Amino acid sequence: MKRFALVMALVMALAAGFGCAKKTGNEPGYDDGMTPEMRAAIQQITDARVYFAFDKFTIKPEYKEVLKNKAALMKQFPSIKVRIEGNCDERGTQEYNLALGERRARAAYEYLAGQGVNPSQMEMLSYGKENPAVQGSGESVWSKNRRDDFRVVAH
Amino acid sequence: MRKFHLTFLMAAALLLASLVPAQAGLRVDIYGPGQNIVNLALAAPLRGPNSEATGMGRNLQKLVEENLSFLPFMRLTDPKAILGGTVLGGCEPPALDFKRFQLAGSDIVVTMLWPGGDSGTTSVQIRAFETSSGGRLFGKEYGKVSPKDLPEVADRFCADLLEALTGNGAFFRSTLAFIKSNGKMNSNVWLCKPTGRDLRQITNIPGKSMSPAWSPDGRFVVFTHIDEKSHALGVWDSSSHKVQRIRFPGNVVIGPAFTPDNKVAVALSNGKYPVIYLLNHAFQKERVLEQSNAINVSPTFDSTGRKMAFTSSRMGGPQIFLKDLGSGSVTRVSQGGSYNTEANLSPDGTLVVYSRMTDYGHRIFVQDMMTGQERQVTFGPGSDEQPSFCGDSYFIAFASTRGGSRGIYLTTRHGGDAKKVPTGGGAVSFPRWGMPGGKK
């Protein structure tokens, strides 16, 4: 009977522990093991997007600085792994846009690699036109959807 | 007794003779430029002389009517326009009165006879006659028919009739694979007949499914599958009803298509640009079919497998190209417009259909490979995309936003009014023709 009570207590404690594991980074008391510097780096890497012209995948001059900044942070924190997600606006067709999205992701990948980022810190994924950042039509919307997103997948 | 045997044998021979497919004069040239309209009347289904079949007979007739409404070259005669009505003294001459159908302007009359009654499990004899000559175009008995078999019998009869009239009954023997969306990054593969019947979902996996394609033997549907980490080739096996997700080195799996010998061609990338690979029967890379310093995607083949059309950006914007897989020569197909994609070769290899970006959305164009002449076959509104040729090289299915949310529509190589395929609720796209069980 004593042993049963002990097992029950352990089970209860474990269940309580699993409940706590649901906390996210936004909840008070959440500890993701990151230093404030790393957290700030991740924020900068993910916040700054790179945008493209219609049916193009060349990096515009104004986004080279953005990528250089990302490269510096990724070199400073080599445990950070980033998935570069290439996206397109709604105007093109789906299969061709998957290829174009991959070329956009690859353009950023190659630029970052050229800045000395270890390729093992990067992976690529194309969503084509399937994952728009903004819904709607018109150039103001389309220009926001022709983009690379940078998602930190490990740190 | 001997007399009875003789009479019975003669009656059986007469019945067989009346049901053997006939080669009468009336043919419908659906491939030529001057396609004409054929007027067809359906006589009331009979259990016997002047005795209308009001059970399964009436239901089968309704299904046949629905089916025939999908044929743009066929017009059904209004039964009210037939003087004397459609209930006949018999289902073949001399009891069949052709005059009343001629007067109503019908070119063809179809009769249905349920000699054993039209309830339970029974058989139906269906015949088609040319009204002007009285010549028989078609005759067949469909056995072991019960109420649940009626849609299939309607499809089989309509395929047989279409074949007798045009030489190809693929439309009613086909099943469309298509994509139905269920949220922003969630979609799965569904099937239905081109008439919308037999609608069913065949995959249920999280993530985005795109670009389904049937294997020519009707066993597999392959498709692109994208989840939050990677692209993969989805493979649905009709024999096990299971789905595999096959990953490849590189980042993309785009636009899989089957070759006539049941191998998959698909665009994969492990270098700078997507390359079109041929996979072996185990879905492993076999060899490169097309590569260049540009995007190459969306392969499509004719029924010989010697011609492959695809989309490439080698000249700047995306255009349609044709590769002779024997000689390796590549020629540009699309000449007008700056953005042409989603090519689909007609199985007979004579036409390429593709979508072109215009100021008003995408539109579908057909190019004749012999003459080089291009013809616009859809005109919106909305955006018309993802055209796909039926096995008869006549019907074209495509996705369009003309009705608000995206739906699947049918037109033909000549264009004309598009007819919507009923697919239930939800946005649908990527219609692709196939024949479960293989070509019949």
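1. B:Val252 counts as buried because 31 C-beta neighbours lie inside 10 Å. The cut-offs are 20 or more other C-beta atoms within 10 Å for buried, 12 or fewer for exposed, and partly exposed in between, with C-beta atoms placed from the backbone. B:Val252 sits in the loop between strand 14 (242-246) and strand 15 (253-258) of chain B. Strands are DSSP runs of E, at least two residues, and helices are runs of H or I, at least four, numbered from the N terminus.

2. This is a predicted model: local features need pLDDT of at least 70, side-chain atom pairs count only at pLDDT 80 or more, and totals for chains, interfaces and linings use all residues. Residues are numbered from 1 along each chain as its sequence is written, and chains are lettered from A and ligands numbered from 1 in the order in which they are written.

3. Beyond its neighbours within four places in sequence, B:Val252 is in contact with residues of both chains, including A:Leu98, A:Glu102, B:His231 and B:Pro274. Contact requires C-beta atoms, placed from the backbone, within 7 Å.

4. Across the two chains, 18 residues of chain A are in contact with 26 residues of chain B. Helix 4 (94-114) and strand 3 (122-128) of chain A each give two or more residues to the chain A side. The largest share, nine residues, comes from helix 4 of chain A.

5. Chain B also has an open sheet of four strands, order 27-28-29-30, with antiparallel pairing. Strands pair if DSSP finds at least two bridges between them. Strand 27 (384-389) and strand 30 (415-421) of chain B are the edge strands.
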